[in-house]
Amino acid sequence: MDSSDEGSTSRPKKPKVIIIGAGIAGIAAGESLTRMGFSDFKILEASNRTGGRIWTINVDDKGHKAELGANWIHGIERNPIYQIADQNHLLQLRHLNKTLRSRDITLTESGEQVPRKIIKEVDLKYGMLLMECDDFYQLGLPTPEENDSVGAHLDRKFEEKLDRYCEEDRKLRSLIFSQRKLMECCISGCDSLNDVSLGDFGCYEDLPGVHYTIPPGFETIIDLLKKTIPKDNILLNHQVRCIYWNQSEVNKDHYDVCVECENGKLFYADHAIVTVSVGILKVAYERMFNPPLPVEKQHAIESLGFGIVDKVMLQFDEPIVEADVHRIEFLWDDDKSTKHDLPNTWFRRIYSFQVIHDNILLGWVCGKEALYMESLTEDRIAQDCVMVLKKFLKKDDIPLPKQVIRTRWGNNANTRGSYSFLPVGSTVGDIESLSEPLGDPEKPQVLFAGEATHPSFYSTTHGALLTGYREAERISEIY
Ligand SMILES: Cc1cc2nc3c(=O)[nH]c(=O)nc-3n(C[C@H](O)[C@H](O)[C@H](O)COP(=O)(O)OP(=O)(O)OC[C@H]3O[C@@H](n4cnc5c(N)ncnc54)[C@H](O)[C@@H]3O)c2cc1C
């Protein structure tokens with residue numbers, strides 16, 4: 001193996017740092033180190049691009065963008081992503097782009113449109129029940145059953161609320177409720193809400209304010225953060241194979257950490273900040289750390305959930321819905337489906353299509369169905385989605401889209417999934433264990449950042465960014 005450390009045998013005054021991963025956590029750590037005057041660092045990125053799960057693409061030659069990963073700035077107050085976007089006037093364009101699309105329509109499988117009044121009524125109940133789920137953590141209440149799940153609790157409580165309705169009204173409200181649960185699975189990043197811990201659901205903190213998209217693209221945030229980082233400090237196509245820590249024999253010139261890449265390069269440093277996803281840690285932690293990780297950290301990696309959430313975008317030659325429609329919501333009737341027949345049911349996970357540009361629809365799909373969708377051809381996805389649209393919109397003349405863009409986060413070798421959640425049996429303590437640095441507490445050798453290491457903003461871009469800042473700050477406090 002050749003070494004990338006040339007020449008110098010004396011220790012630098014300032015620390016040498018290796019950051020693993022150039023997603024928003026790694027880039028934020030690099031930006032923060034630069035701002036605090038630490039320039040001797042490298043960011044090693046496995047893929048050929050920065051941004052990780054923030055990934056904007058052009059969808060046409062009119063400048064329209066689509067997000068393959070992060071979509072919204074979740075909330076305004078105390079949200080550092082919002083602050084960056086706002087200070088750099090990225091959100092102003094939103095007003096220029098503002099369309100008249102504001103109408104959501106909710107349809108049954110037989111194409112009947114559900115009155116907004118009923119949707120609002122169910123949403124009110126559903127929203128209250130979600131808040132009740134938060135209370136278990138926030139008020140320290142015991143959950144009704146041991147190892148209880150968000151899904152089981154919602155089902156129990158919603159059933160009680162349906163008591164006063166006749167059979168037909170109950171059915172309709174149940175369909176709306178199920179659709180909201182499908183949406184929540186995508187938000188939480190799980191296969192089923194029955195997998196999500198009820199006791200710790202409320203440790204996730206929703207930031208107040210609307211959820212903005214970024215018209216010039218979410219990746220603009222990465223570009224802005226990257227601006228101050230010297231170009232040579234970011235090394236693409238450098239997949240890290242192993243991090244050697246806590247062992248004297250790898251200490252070339254007394255460095256405490258050695259990071260070995262798949263391309264044979266070795267990087268010696270005082271500290272390494274690991275920002276790879278929990279999905280990557282799950283498949284790689286056993287070979288990625290030498291000596292192995294402490295048992296508590298291994299347990300945390302095994303316990304945390306890392307779900308698959310994918311997007312399906314359909315680009316048509318012409319708009320296929322009226323000019324004011326913003327979203328088409330699908331009320332799938334589970335009684336009409338054969339479970340476990342993924343080829344004929346995967347699309348029943350798509351709970352809505354949102355119009356992101358006049359002729360482009362975006363649907364979300366998660367869990368087992370998402371993984372199955374990832375294995376399909378784009379032609380097959382196009383046929384299945386058009387069949388869904390024809391059925392719900394009661395329109396036979398919907399053409400096949402000219403382009404299908406779908407994500408494959410489950411199969412992405414550098415993420416192995418989409419984002420983290422707390423499954424039944426895990427607690428926020430697992431997040432805390434994962435974020436605990438390794439080595440001498442006075443001068444830790446391996447530090448951990450990334451969305452899954454934030455105790456209240458896990459799964460988000462702002463959570464990831466703040467963990468990058470947190471670990472850069474931890475290093476700066478030592479020097
Ligand atoms: C479909 C989807 C929708 C989302 N929607 C939203 C949203 O609306 N709002 C929101 O706030 N968040 C959203 N998120 C979540 C958000 O994108 C992530 O939480 C955040 O981007 C994670 O950043 P990170 O730096 O922690 O990890 P990552 O972005 O995964 O960065 C880690 C980096 O490490 C690299 N890497 C992996 N292995 C190695 C290795 N061995 N060596 C070197 N490099 C390696 C990866 O290539 C990657 O670039 C969404 C995510 C997905 C997938």
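**Briefing: strands, domains and ligand shell**

Strand S10 (residues 257–261) is largely enclosed by the rest of the structure, because four of its five residues are buried, a residue being buried if 20 or more other C-beta atoms, placed from the backbone, lie within 10 Å of its own. This is a predicted model, in which local features need pLDDT of at least 70 and side-chain atom pairs count only at pLDDT 80 or more, while totals for chains, interfaces and linings use all residues. Residues are numbered from 1 along each chain as its sequence is written.

**Confidence**
- The mean pLDDT of the protein is 93, and 94% of its residues reach 70 or more, where pLDDT is the predictor's confidence in each residue, from 0 to 100.
- Over residues 1–12 the pLDDT is below 50, and this stretch has 14 contacts in the model beyond near neighbours in sequence, a contact being two residues whose C-beta atoms, placed from the backbone, lie within 7 Å.

**Strands around S10**
- S10 is joined to strand S9 (residues 240–245) by five bridges in the antiparallel sense, and Trp245 has Val257 in S10 as its bridge partner; strands are DSSP runs of E of at least two residues, helices are runs of H or I of at least four, and both are numbered from the N terminus.
- Four bridges join S10 to strand S11 (residues 266–269), again antiparallel, with Cys258 opposite Tyr268 in S11.
- S10 and S11 form a hairpin with four residues between them, and Gly264 in the turn has a positive phi of about 90 degrees.

**The parallel sheet**
- Five strands form an open, parallel sheet in the order S8-S2-S1-S12-S21, with pairing taken to require at least two DSSP bridges between two strands.
- Strand S8 (234–235) and strand S21 (446–448) are the edge strands, each pairing on one side only.
- Strand S1 (residues 17–20) pairs with strand S12 (residues 271–274) over four bridges, and Val17 stands opposite His271 in S12.

**Domains**
- The domain assignment, automatic or from a database, gives domain 1 (17–52 + 214–306 + 420–476) and domain 2 (116–203), whose C-alpha centres lie 35 Å apart.
- In domain 1, 13 residues are in contact with ten residues of domain 2.

**Ligand shell**
- The ligand is surrounded by 40 residues, the closest being Gly21, Gly23, Ala25, Gly52 and Asn414, where a residue is near a molecule if its C-beta atom, placed from the backbone, lies within 6 Å of it.
- Helix H1 (24–35), strand S15 (309–315) and helix H14 (461–476) are the elements that give two or more residues to this shell.

Definitions and conventions: Buried ≥ 20, exposed ≤ 12 C-beta atoms within 10 Å, placed from the backbone.
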